[in-house]
Amino acid sequence: MSRPTGRVLTLLELLQSGGTRTIAELAERLGVDGRTVRRYVDHLIDLDVPVEAVRGRYGGYRLGPGHRLPPLMLGEDEAVAVLLGLVAGRRTGLTTATATAGETAAAKIRRVLPRPLAARVDAVLESLAFTEPAGESAAPDAGILLTLADAVRHRRPVAIRYTDREGRRGDRTLHPQGVVAHAGRWYVTGRDPGIGEDRTFRLDRVADARLLPGAFEAIDGPDPARRVLSGFATAPYRHEVTLRIRGTAEQIRTRLPASVASVTALPSTGSPSPAPEPADPREPDRSEASDASEASDGPPWLRVEVRAERLDWLPPVLAALDLPFVVERPDELRELVVALADRFARRARRS
């Protein structure tokens with residue numbers, strides 16, 4: 001590469017670092033005079049790089065928006081950060097519908113890395129392991145994602161064409177509040193002006209998104225991520241479970257996150273402690289004083305509500321919490337808890 005060409009690329013890298021650079025600053029960094037800096041700027045303009053001249057006492061040059069993406073200059077640390085980000089995004093499923101875009105972008109960066117750095121990056125990629133399984137969910141279309149993000153920023157209503165979980169297609173109008181990535185999927189949450197309720201839609205089920213004229217006012221309430229998690233916890237499922245668990249919300253959240261369960265305080269009058277069960281002849285009796293002490297000390301009882309398609313996973317979770325709990329409903333869950341306790345007791349008695 002000739003020295004002038006190398007300086008032109010260095011000039012592009014300096015401009016891509018942001019802000020306005022004076023001619024004197026650029027000349028010093030490149031080791032040339034001001035006239036040569038202007039010639040190098042002309043070379044970049046000939047390559048359709050959108051370089052803007054800023055007039056005035058503190059004027060100089062800066063990059064402006066262009067009609068296409070110009071060549072991008074990255075330092076070694078920046079290139080590694082982008083490459084690992086692409087790999088992690090593809091692995092967790094947080095990519096766009098053009099799955100090859102992430103792969104081709106990563107390949108382009110990998111090809112131009114210096115050989116010693118490329119070897120070290122390869123070592124990282126070969127030794128890298130993920131605790132979660134690879135994301136297999138359908139990814140959203142990049143154009144739809146960008147349209148919804150623009151609607152969120154400018155508070156513009158948007159019309160979407162959506163296919164629900166039952167396969168029914170329909171047109172919806174939404175006042176979007178935010179785009180949320182959760183568990184390998186993308187969601188958009190906002191207010192449906194037709195029914196006046198909050199709604200959450202999976203982006204991979206959105207076939208089309210179109211900005212509508214006008215604007216809407218910001219909606220008070222939880223942030224978009226909390227709205228999505230709350231929607232998961234309150235969505236209709238086959239079983240509606242109500243529990244009372246004695247402990248802190250933080251303890252409960254270690255096993256029952258916000259996307260699975262809602263945790264609320266009981267009325268100030270308190271919930272009475274559960275009635276003592278019939279004594280097991282195999283266990284020593286506890287005194288009434290001991291029961292009273294346990295009822296008065298420690299954290300309060302909290303109401304926990306869970307909606308689930310199956311119940312078999314809940315007894316092991318409750319056992320892992322290791323907190324006092326009462327099953328208010330359904331009876332089927334209570335029977336599953338008793339059955340699990342019996343299995344534990346039988347196995348513990350084996351020699």
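In which strand is Arg 246 found? Arg 246 sits in strand E8, which covers residues 239-246; strands here are DSSP runs of at least two residues (E) and helices are runs of at least four (H or I), both numbered from the N terminus. The model is a predicted one, in which local features need pLDDT of at least 70, side-chain atom pairs count only at pLDDT 80 or more, and totals for chains, interfaces and linings use all residues. Residues are numbered from 1 along each chain as its sequence is written, and side-chain values use heavy atoms, with hydrogens and water left out.

Arg 246 has a relative accessible area of 8%, so it is buried (buried is under 20% relative accessible area, exposed is over 50%, and partly exposed is in between, with a 1.4 Å probe and protein chains only). A polar atom of the Arg 246 side chain lies 3.1 Å from the backbone oxygen of Pro 299. That counts as a polar contact, meaning a pair of N or O atoms within 3.5 Å; within protein, one must be able to donate a hydrogen and the other to accept it, and residues adjacent in sequence count only if both atoms are side-chain atoms.

Next comes the sheet. Five strands make up an open sheet in the order E6-E5-E4-E3-E7, with antiparallel pairing. At the edges are strand E6 (197-202) and strand E7 (206-211), each of which pairs on one side only. From one strand to the next, the twist averages 45° (axes are lines fitted to C-alpha atoms, for helices over the stretch in contact, and angles run from 0 to 180 degrees between N-to-C directions). Two strands count as paired if DSSP finds at least two bridges between them.

The pairings can be taken one by one. Strand E3 (residues 158-163) and E7 run antiparallel and are joined by five bridges, with Ala 159 opposite Arg 210 in E7. E4 and E5, also antiparallel, share seven bridges, and Pro 176 has Gly 190 in E5 as its bridge partner. The hairpin of E4 and E5 has two residues between the strands, and in it Ala 183 takes a positive phi near 55°. E5 and E6 pair in the antiparallel sense over six bridges, and here Arg 191 is partnered by Asp 198 in E6. With four residues between its strands, the hairpin of E5 and E6 has a positive phi near 70° at Gly 196.

Helix H7 (residues 142-154) lies across E3, strand E4 (169-182), strand E5 (185-192) and E7, and runs at about 40° to E7.

Rings of Phe, Tyr and Trp (its six-membered ring) pair if their centres lie within 6.5 Å; planes under 30 degrees apart are stacked, over 60 edge-to-face, and the rest tilted. The count comes to one aromatic pair. The ring centres of Tyr 162 and Phe 201 are 4.7 Å apart and the planes stand at 70°, so this pair is edge-to-face. Because Tyr 162 is in strand E3 and Phe 201 in strand E6, the pair ties together parts 39 residues apart in sequence. Tyr 162 counts as buried at 6% relative accessibility, and Phe 201 counts as buried at 1%.

Finally, Leu 333 is placed in helix H12 (residues 331-349) and, at 0% relative accessibility, counts as buried. Leaving out residues up to four places away in sequence, Leu 333 touches Val 241, Leu 243, Leu 311, Leu 314, Pro 315 and Val 327 (contact means heavy atoms within 4.5 Å). Leu 333 and Asp 312 are 21 residues apart in sequence and 8.0 Å apart in space, C-alpha to C-alpha.
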